[in-house]
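Me: I want to go through this model and ask what stands behind each label. Please set the values against the definitions as you answer.

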Amino acid sequence: MTTILEVNGLEKRFGGVVAAQNIGVTVSAGETIGIIGANGAGKTTFVNMVTGHLPPSAGTVKFLGTNIVGLPPRRITELGLCRSFQVPQVFLSESVFDNVLMAYGIAEESGFSMLRPLRNKERDARVRKHLASYQIAEHEETAASALSQGIRKLLDIAMATVRKPQLLMLDEPTSGISVEEKFDLMDIIMAALREEQTTVMFIEHDMEIVQRHVARVLAFSQGEIICDAPTAKAMVDPKVVEFVLGQEYHVGIRSDA
Ligand SMILES: Nc1ncnc2c1ncn2[C@@H]1O[C@H](COP(=O)(O)OP(=O)(O)OP(=O)(O)O)[C@@H](O)[C@H]1O
Ligand SMILES: [Mg+2]
């Protein structure tokens, strides 16, 4: 399997606060990985460092063999490592169609034309195909501001994937989404990514979603990876139970088994 990401000795200090330390992880193409951990465990800090949004205090990040530490986020995106943020990054006053069109413009054009990208049959067809993959075609004329949180998140992730990234990192894709919406939402996102053979790492607090969608779990606590294991194994790992899940959850799993 091709190694897609290789992180070694990654560390981040904010003054006296150690937000990340001794972070090492190797990811192969095609993997699905869940990043779990309590609030403040260092999950977002990790994603921010890997995607160039936060300079690490130490360590290396290799993406497809190239050290990407110090590269601006835009350059890292161009190399094929894309991400989403916890809060959707969409243009609220624009329609769903125009949002995805603009994402293509930003990915493929430069200068002033980016936000009013050229329209032609070929590009319109690509936008529509992408909307269909994320099951938001029926909303194409709706302004992003009028969408439900779940559909807006699908739009956000559709926009983050117009480049067909090789690795996609999602920061809490289901945060703020209702229980009724979030399972369907993740099914749609993961199906679209599978179709494109995109390697995916996502931060998630809901263990049902983690167990349904990822084969491997990275568990964070106090800035360190305390467990890196296949999902079923991670869910019963004593450290994960103690620092992430809590005993009650553990008992729940066991009685279901
Ligand atoms: N810009 C910053 N300045 C100072 N401290 C920070 C900064 N960003 C994060 N931290 C600290 O680093 C630690 C890790 O934060 P991080 O946001 O990575 O946690 P998280 O695991 O994503 O939590 P959550 O589940 O709440 O999103 C926390 O103690 C946080 O307060
Ligand atoms: Mg976070």
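Reply: To begin with burial, 42% of the 257 residues of the protein chain count as buried. A residue is buried if 20 or more other C-beta atoms, placed from the backbone, lie within 10 Å of its own, exposed if 12 or fewer, and partly exposed in between. This is a predicted model, in which local features need pLDDT of at least 70 and side-chain atom pairs count only at pLDDT 80 or more, while totals for chains, interfaces and linings use all residues. Residues are numbered from 1 along each chain as its sequence is written, and chains are lettered from A and ligands numbered from 1 in the order in which they are written.

Me: How do you know whether the radius of gyration agrees with a compact globule?

Reply: The rule for a globule, 2.2 Å times the number of residues to the power 0.38, is set against a radius taken over C-alpha atoms. For 257 residues a compact globule would be near 18 Å, and the protein chain has 19 Å, so the two agree. The C-alpha trace spans about 55 × 40 × 35 Å along its principal axes. Among contacts with a separation of 6 or more, 64% join residues 24 or more positions apart; a contact means C-beta atoms, placed from the backbone, within 7 Å.

Me: What makes S1 and S2 a pair, and in which sense do they run?

Reply: Two strands pair if DSSP finds at least two bridges between them. Strand S1 (residues 3–14) and S2 have 8 bridges and are antiparallel, with Glu6 opposite Thr26 in S2. The two strands form a hairpin with 2 residues between them, and Gly15 in the turn has a positive phi of about 55 degrees. On S1 there is also strand S4 (residues 58–63), antiparallel over 5 bridges, where Asn8 has Thr60 as its bridge partner.

Me: Why are S2 and S5 said to stand at the edges?

Reply: The open sheet has 4 strands in the order S2-S1-S4-S5, with antiparallel pairing. S2 and strand S5 (66–67) each have a single partner strand, so one side of each is left without a neighbour in the sheet. H1 packs on this sheet, touching S1, S2 and S4, and its direction makes about 60 degrees with that of S2. Such angles run from 0 to 180 degrees between N-to-C directions of lines fitted to C-alpha atoms, for helices over the stretch in contact.

Me: What is the strand order in the sheet of 6 strands, and what is its pairing called?

Reply: The order is S6-S7-S8-S3-S9-S10 in an open sheet, and the pairing is mixed. Strand S6 (81–84) and strand S10 (224–230) are at the edges, each with a single partner strand. On average, neighbouring strands are turned by 15 degrees against each other, direction ignored. Parallel pairs include S7 (residues 167–170) with S8 (residues 199–203), over 4 bridges. Thr32 stands opposite Val200 in S8, and Gly34 has Val217 in S9 as its bridge partner. H1 lies across S3, S6, S7, S8 and S9, at about 145 degrees to S8.

Me: Which residues are around ligand 1?

Reply: A residue is counted if its C-beta atom, placed from the backbone, lies within 6 Å of the ligand. Phe14, Val17, Ala19, Gly37, Asn39, Gly40, Ala41, Gly42, Lys43, Thr44 and Thr45 are the residues around ligand 1. Strand S2 (17–28) and helix H1 (43–50) each give two or more, and H1 gives the most, with 3 residues.

Me: How does that shell divide into nonpolar, polar and charged residues?

Reply: Ala, Val, Leu, Ile, Met, Phe, Trp, Tyr, Cys and Pro count as nonpolar, Asp, Glu, Lys and Arg as charged, and the others, Gly among them, as polar. By that rule the shell has 4 nonpolar, 6 polar and 1 charged.

Technical notes. Two residues are in contact if their C-beta atoms, placed from the backbone, lie within 7 Å.
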